[in-house]
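Please open the model in your viewer and keep the selection tool at hand.

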Amino acid sequence: MGRDRLAANVPLFYVYYFLNSFILDRAIWMLFLVSRGFSLTEIALIESAYHLTGFLLEVPTGYVADRFGKRISLLTAQVIGALSSAMLIAGHGSVAVAGFMIGAAAGTFQSGATSAMVYETLKRLGREESFKRVNSQLSGIMLATLGLSGIAGGGLSDIDWAWVYGGKIALNLLTFGIVYLMVEPPEDQGLEGESAGARYSFWRQLGEGYAFARTSPAFLALCTYGAVLYAMSWSIAFYSQVLFQQFGMNNRAIGVVNGVETWLSAGIAAAAFLGERRLGKRGSIWTAGIGFSVCLLLFATSDGPTAGIAAFLLMAVFISYLEPLLEAYLNELLPTGIRATMLSVFSMMISTGMMATFSVLGYLADRSDLATALGHVMLVWGSLCLASLVWASRRLRKS
């Protein structure tokens, strides 16, 4: 494979991140289910089932990426994503639920494969030291696009939900075309001349991953910390839709708030590698964890849209700063042959946290209100977040 062909992947990644992040229902999917008559408890169960699907499929689909190629995995994700959106256009009852579950399957095919393909491409080009910078820029593009798609999706949903999910199908097809133009990074050679990803059966791959995890406490600590933090962050991102609606905001206004949040996050993420030069690894994870926790408390105690929106935006600042850096820290620890598989393990841990956090919040919110539910959940979550933060910080110091 020519170096020029592999180098052509890099600009294609920027286009891929733009198209793949144009998720029209990202800021309003809960409102879609509410419009179909689902209660918050039912929505919480659907979200839990969504993450259970991801939990069950993350490692097998990560293995597919390591064994058969990241490019194949990303192409598969777009086909399945289009099928999911087609089902949601019909969007009633069990069909809508099934559509969301298929969407979860699509996500697992790209969760580990995307980051792994970017890192492996840069590594084969001798540019792996630039991954933090490139990943920060890609994260910035992703977040800026999410903001734009949030506004577009909110406007389209006020016309007809079919426009939202029809648009998603068109985006899946365009993204498929971009991935098709990419080439698979060549694999490392194993001890016996076999490629690192292709030499393992699925069960051998699991064994290799388990052996790596046992000997890399820094990886486990970072994954645990990220899972605890992201589970709450993503839950708040979704439940904020309901809270803002309770404040009297319409779908379009909610879409605008989410758009502003993601554009702000885009700027922070794009410059995260610069901040990390001053704060370092341990300083970065402490800043993100403590900053997010304080803003979460302010969000839970807000009594109107102004305070709620301000806290919501500040939470996004701390999370978006951490995300590209944590991804880089994990990639630096991982060997080539199990990279996508172990990144999928991290996604699986996030799904586990989401199932617990989202379900408990939904159950308690249906029986009181969202602010009260957040207050109760934070008592437990805060302790877990602090414990995982201390663990990750200590392991980074020793690694």
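A crossing is called left-handed if the near helix is turned anticlockwise from the far one by less than a right angle, and right-handed if clockwise. Helices here are DSSP runs of H or I with at least four residues, numbered from the N terminus. This is a predicted model, in which local features need pLDDT of at least 70 and side-chain atom pairs count only at pLDDT 80 or more, while totals for chains, interfaces and linings use all residues. Residues are numbered from 1 along each chain as its sequence is written, and side-chain values use heavy atoms, with hydrogens and water left out.

**First stop: α10 and its partners**

Select residues 217-246, which form helix α10, together with residues 305-333, which form helix α13. The crossing of α10 past α13 is left-handed, and their contact is made up of 20 nonpolar, 4 polar and 1 charged residues. In these classes Ala, Val, Leu, Ile, Met, Phe, Trp, Tyr, Cys and Pro are nonpolar, Asp, Glu, Lys and Arg are charged, and the others, Gly among them, are polar.

**Second stop: the largest pocket**

Select G353, A356, T357, W381 and L384, which lie nearest the centre of the largest pocket among its 13 lining residues. A pocket is an open set of points on a 1 Å grid over the protein atoms alone, with protein on both sides within 12 Å along at least five of seven lines, and lining residues have an atom within 4 Å of a point. Two or more lining residues come from each of α10, α14 (339-367) and α15 (370-398), and α14 gives the largest share, 6 residues. By class, the lining has 10 nonpolar, 3 polar and no charged residues.

**Last stop: a salt bridge**

Finally, select K168 and D25, whose side chains meet in a salt bridge at 3.1 Å, N to O; the term requires a side-chain nitrogen of Lys or Arg within 4 Å of a carboxyl oxygen of Asp or Glu. The pair links distant parts of the chain, 143 residues apart, with K168 in helix α8 (residues 161-181) and D25 in the loop between α2 (9-20) and α3 (29-35). By this rule the count comes to 8 salt bridges.

Note on methods
Axes fitted to C-alpha atoms, helices over the stretch in contact; angles between N-to-C directions. 1 Å grid on protein atoms, 1.4 Å probe; cavity = no way out; pocket = protein on both sides within 12 Å on 5 of 7 lines; lining within 4 Å.
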